[in-house]
Amino acid sequence: MASKASRFRCLFAPTLPSTRSPSHASRAFATAISEPTEPTAPPTSSTRRNPTTFRDRLNAGPSFTDFVSPPPEEDDAPSIRTAMVGPAGKQKEITRLPNWLQTPIPNNANYKSIKRDLRGLNLHTVCEEARCPNISDCWGGSDKSAATATIMLMGDTCTRGCRFCSVKTSKAPPPLDPHEPEHTAEALKRWGLGYVVLTSVDRDDLVDGGASHFAETIMKIKSKAPAMLVEALTGDYAGDLEMVSRVAQSGLDVYAHNVETVEELTPMVRDRRAKFRQSLSVLKHAKEAKPELITKTSIMLGLGETEDQLWETLRELRKANVDVVTFGQYMRPTKRHMPVHTYVTPAVFETWRQRALDLGFLYCASGPLVRSSYKAGEAFIENVIKKRASKSQTALADADIHRNLPGSIKI
């Protein structure tokens, strides 16, 4: 009987408090709705976690879709930046230049000194008249001997109206200054330059197009500074090849004439009297008139030309035995001139430089700010001319020694 009573007490006795830890005090059912609890930190374990650096890097890399999908089309031409300027209510949109075309404003002592000398001698430069972006670089050397200025002969007014050029135009420009050749030679001698570039406006109002004036200036420079190297950037003289020969044989070292653009765009870019084939004949005849001359031309990019057109232009220039070609970005001088079609990137300019060299050109200067009289090209051409002169002097000396050897036959 006692055993039955104790068993009854064990079965129906009140529940005693649990001695288990609080985390196991209650058990939730799958259908029960409980209040959200704060996440608890994972229990610490003495087992070391395997490193997942490689897996993390793999997950962060490209996916399988990136490998099988076609690459996105890239546009080499940068987007043209615009900005709104002007007072409120009268603002207008202007185009911003890319960073690689922005240059400092010239304002140093050497720039002012050169400008003062030019005005005192009544001389003009294409650097100013054509608004060249490199003027702060070319005129801003440490001294005058390190500077480069392209003298523009026969005044500052041209008889032609090319759609890219900012030089003043007129059907009847002022007459030539008869003292200009002497003044030019004296100024260049005073500066002590080793290399000088002469150019001129087109003077279709003159019988010879100004060729005699150009040739006289070159001869006076050579008489005052025989060691000075002279580059002449001339016009086409309306296709008169006799005038081309007159300038080519006046004592200059480099004959330059710019084709400016490809043949297909020439009627839209240049004056109607300037023709691509006519320019090619000028360059070819200058080489024939004096074979040791270095011939040179310049092409603007960004006018809407195509790759095939540029390839054909370079081939035609090589057929004419042109030695040097330069590529530069066309920059619109004013709103009256033709707009820029494309701002060409420096990488594309480098591509065309290499292509020109592969075709056999002696030298190619190519870049957004490169112009036909760019001083980096002048330094290279100067070295080429000096090397050629040194080789010819060595050959003459060897010939003299051979004639003076005992037993040699003298004719």
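Arg203 is buried, with a relative accessible area of 3%. Buried means under 20% relative accessible area, exposed means over 50%, and partly exposed lies in between (1.4 Å probe, protein chains only). Arg203 forms a salt bridge with Asp205. Their closest N and O atoms are 2.9 Å apart. A salt bridge here is a side-chain nitrogen of Lys or Arg within 4 Å of a carboxyl oxygen of Asp or Glu. Asp205 is partly exposed, because its relative accessible area is 36%. Salt bridges that share partners also join Arg160, Asp204, Asp236, Asp271 and Arg273 into one network.

This is a predicted model, in which local features need pLDDT of at least 70 and side-chain atom pairs count only at pLDDT 80 or more, while totals for chains, interfaces and linings use all residues. Residues are numbered from 1 along each chain as its sequence is written, and side-chain values use heavy atoms, with hydrogens and water left out.

Now the whole chain. The protein chain has 14 helices and 12 strands. Helices (H or I, at least four residues) and strands (E, at least two) are DSSP runs, numbered from the N terminus. Of the 411 residues in the protein chain, 41% are buried. Contact means heavy atoms within 4.5 Å. Take the contacts between residues at least 6 apart in sequence: 71% of them join residues at least 24 apart.

Salt bridges come next. By the rule above, the count comes to 18. One of them pairs Glu182 with Lys224, with the closest N and O atoms 3.0 Å apart. This pair links distant parts of the chain. Glu182 sits in helix α7 (residues 180-191) and Lys224 in helix α8 (residues 211-224), 42 residues apart. Glu182 counts as partly exposed because its relative accessibility is 32%. Lys224 has 25% relative accessibility, so it too counts as partly exposed.

Lys224 also forms a salt bridge with Glu186. Here the closest N and O atoms are 3.5 Å apart. This pair again links distant parts of the chain, with Glu186 in helix α7 and Lys224 in helix α8, 38 residues apart. Glu186 has a relative accessible area of 30%, so it is partly exposed.

Turn to helix α11. This helix covers residues 276-289, 14 residues in total. From first C-alpha to last, α11 reaches 20 Å, close to the 20 Å expected at 1.5 Å a residue. The expected span is 1.5 Å times one less than the number of residues. Buried residues in α11 include Phe276, Leu280, Val282 and Leu283. His285 and Lys287 are also among them. What do the buried residues of α11 pack against? They meet α9 (241-248), β9 (254-256), α10 (266-269), β10 (294-301) and α12 (307-319).

The axes of α9 and α11 come within 9 Å and cross at roughly 50°. That makes α9 oblique to α11. Axes are lines fitted to C-alpha atoms, for helices over the stretch in contact, and angles run from 0 to 180 degrees between N-to-C directions. Angles under 35 degrees count as roughly parallel, over 145 as roughly antiparallel, 65 to 115 as roughly perpendicular and the rest as oblique. On the α9 side, the contact is made by Leu241, Val244, Ser245 and Ala248. On the α11 side, Ser281, Val282, His285, Ala286 and Ala289 take part. The crossing of α9 and α11 is right-handed. A crossing is right-handed if the near helix is turned clockwise from the far one by less than a right angle, and left-handed if anticlockwise.

Glu307, Leu310, Trp311 and Leu314 in α12 meet Trp352, Arg355 and Ala356 in α13.

Two loop residues deserve a look. Met154 has a positive phi of about 65° although it is not a glycine. Met154 is found in the loop between β4 (150-153) and β5 (157-158). Met154 is buried, at 3% relative accessible area. Glu260 has a positive phi of about 70°, and it is not a glycine either. Glu260 lies in the loop between β9 and α10. With a relative accessible area of 15%, Glu260 is buried.

Last, Thr169. This residue lies in strand β6 (residues 168-169). Thr169 is partly exposed because its relative accessible area is 48%. Leaving out residues up to four places away in sequence, Thr169 touches Thr157, Cys158, Arg160 and Gly161.
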